[in-house]
Protein chains: 2
Amino acid sequence: MKETPYKLFFRAVSNKTRCDIVSLLMKGPKSVTQLCRKLGFEQSRVSHNLKCLEMCGFVSGKYEGKSRVYSLTPEVMQVLNAIDRHLVKYHEHLKSCGALENHMKAKR
Amino acid sequence: MKETPYKLFFRAVSNKTRCDIVSLLMKGPKSVTQLCRKLGFEQSRVSHNLKCLEMCGFVSGKYEGKSRVYSLTPEVMQVLNAIDRHLVKYHEHLKSCGALENHMKAKR
DNA sequence: TTATCATATGATAAGTTTATCATTTAAATG
DNA sequence: CATTTAAATGATAAACTTATCATATGATAA
């Protein structure tokens with residue numbers, strides 16, 4: 001499958017772990033440990049997903065003492081804010097959508 | 001996994017088939033057959049994915065004669081345009097990102 | 001330099017998503 | 001209402017993604 005920028009962009013935040021990480025980082029930079037604590041996720045889970053977000057340009061990390069502190073890149077902040085503004089109106093539509101969980105599969 | 005509106009929104013367009021469908025529809029409404037022809041995808045593939053997009057409020061379809069014509073919802077058009085404007089600048093970053101294809105897996 | 005705490009990486013099993021094939025339903029028209 | 005063309009649905013195997021566990025690397029300070 002060929003990768004379009006669109007797809008890559010969307011996919012980066014199309015799962016709950018990364019979505020949650022991004023949401024938290026929108027409130028400010030955090031170390032891996034801080035993210036783990038706040039989200040209740042395992043460390044390697046967070047690190048793996050941070051790597052993915054980093055490679056997609058969503059976040060960047062720099063060492064501060066022993067810990068590595070991650071922040072959203074300015075570009076992505078702008079994008080997310082733009083989406084946010086529009087998602088406010090759109091919200092309702094999505095809430096009633098079970099599609100991605102239920103379609104294309106029967107009663108497995 | 002609990003579903004956030006964010007995740008649902010992003011996931012809807014996080015695969016190539018749906019991304020392509022949405023891109024095409026940005027240029028105007030199309031029937032299923034037209035989408036199949038232009039994209040070179042199988043009919044059931046397109047229909048399944050349209051259903052997903054429809055349930056997420058991305059598209060809506062109405063019968064015109066024997067065919068069913070799909071269009072993007074106005075709300076989503078706005079969102080996509082907003083993302084588009086920002087993605088222009090961001091583009092470069094994403095192009096160099098192999099993360100979602102390569103990380104978390106070895107040499108399988 | 002080694003001990004300690006923080007993060008990253010690798011392998012893998014479990015879970016999810018996808019495309020495909022086969023079949024069914026829908027609309028229109030003779 | 002039978003036929004034809006268009007689209008939707010269901011089941012399933014293959015592909016992909018994810019979380020987890022085990023381990024390795026990094027940074028600092030004693």
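**Helix packing in chain A**

H2(A) and H3(A) are roughly perpendicular to each other, because angles of 65 to 115 degrees count as such, with those under 35 roughly parallel, those over 145 roughly antiparallel and the rest oblique. Their axes come within 11 Å and cross at roughly 110°. Axes here are lines fitted to C-alpha atoms, for helices over the stretch in contact, and angles run from 0 to 180 degrees between N-to-C directions.

Before going on, the ground rules. This is a predicted model: local features need pLDDT of at least 70, side-chain atom pairs count only at pLDDT 80 or more, and totals for chains, interfaces and linings use all residues. Residues are numbered from 1 along each chain as its sequence is written, chains are lettered from A and ligands numbered from 1 in the order in which they are written, and side-chain values use heavy atoms, leaving out hydrogens and water.

Which residues join H2(A) to H3(A)? From H2(A) come A:Asp20, A:Ile21, A:Leu24 and A:Leu25, and they meet A:Leu35, A:Lys38 and A:Leu39 in H3(A). Contact means heavy atoms within 4.5 Å. By class, this contact has five nonpolar, no polar and two charged residues. Nonpolar covers Ala, Val, Leu, Ile, Met, Phe, Trp, Tyr, Cys and Pro; charged covers Asp, Glu, Lys and Arg; the others, Gly among them, are polar.

Now H3(A) itself, residues 32-39. Its buried residues are A:Val32, A:Leu35 and A:Cys36. They lie on the same side of H3(A), because they cover an arc of only 100° around the axis. That arc is taken from the directions from the helix axis to the C-beta atoms. Buried means under 20% relative accessible area, exposed over 50%, partly exposed in between, with a 1.4 Å probe and protein chains only. The face turned away from the buried side carries the exposed A:Arg37 and A:Lys38.

What do the buried residues of H3(A) pack against? Helix H2 (16-26), strand S1 (30-31), helix H4 (43-55) and strand S3 (67-72), each in chain A. After H3(A) comes A:Gly40, with a positive phi near 70°.

Next, H2(A) with H4(A). They pack at about 80°, axes 10 Å apart. That makes H2(A) roughly perpendicular to H4(A). H2(A) brings A:Thr17, A:Arg18, A:Ile21 and A:Val22; H4(A) brings A:Arg45, A:Val46, A:Asn49, A:Leu50, A:Cys52 and A:Leu53. The residues divide into six nonpolar, two polar and two charged.

Step back to the whole chain. Chain A has six helices and three strands. Helices (H or I, at least four residues) and strands (E, at least two) are DSSP runs, numbered from the N terminus. The order is α-α-β-α-α-β-β-α-α. Of the 108 residues in chain A, 48% are buried.

Helix H1 of chain A, residues 5-12, is largely enclosed by the rest of the structure, because six of its eight residues are buried. Those are A:Tyr6, A:Lys7, A:Leu8, A:Phe9, A:Phe10 and A:Ala12.

Last stop, chain B. B:Tyr6 sits in helix H1 (residues 5-12) of that chain. Buried or exposed? B:Tyr6 counts as buried, at 15% relative accessibility. Leaving aside neighbours within four places in sequence, B:Tyr6 is in contact with A:Cys19, A:Leu80, A:Ile83, A:Asp84 and A:Leu87.
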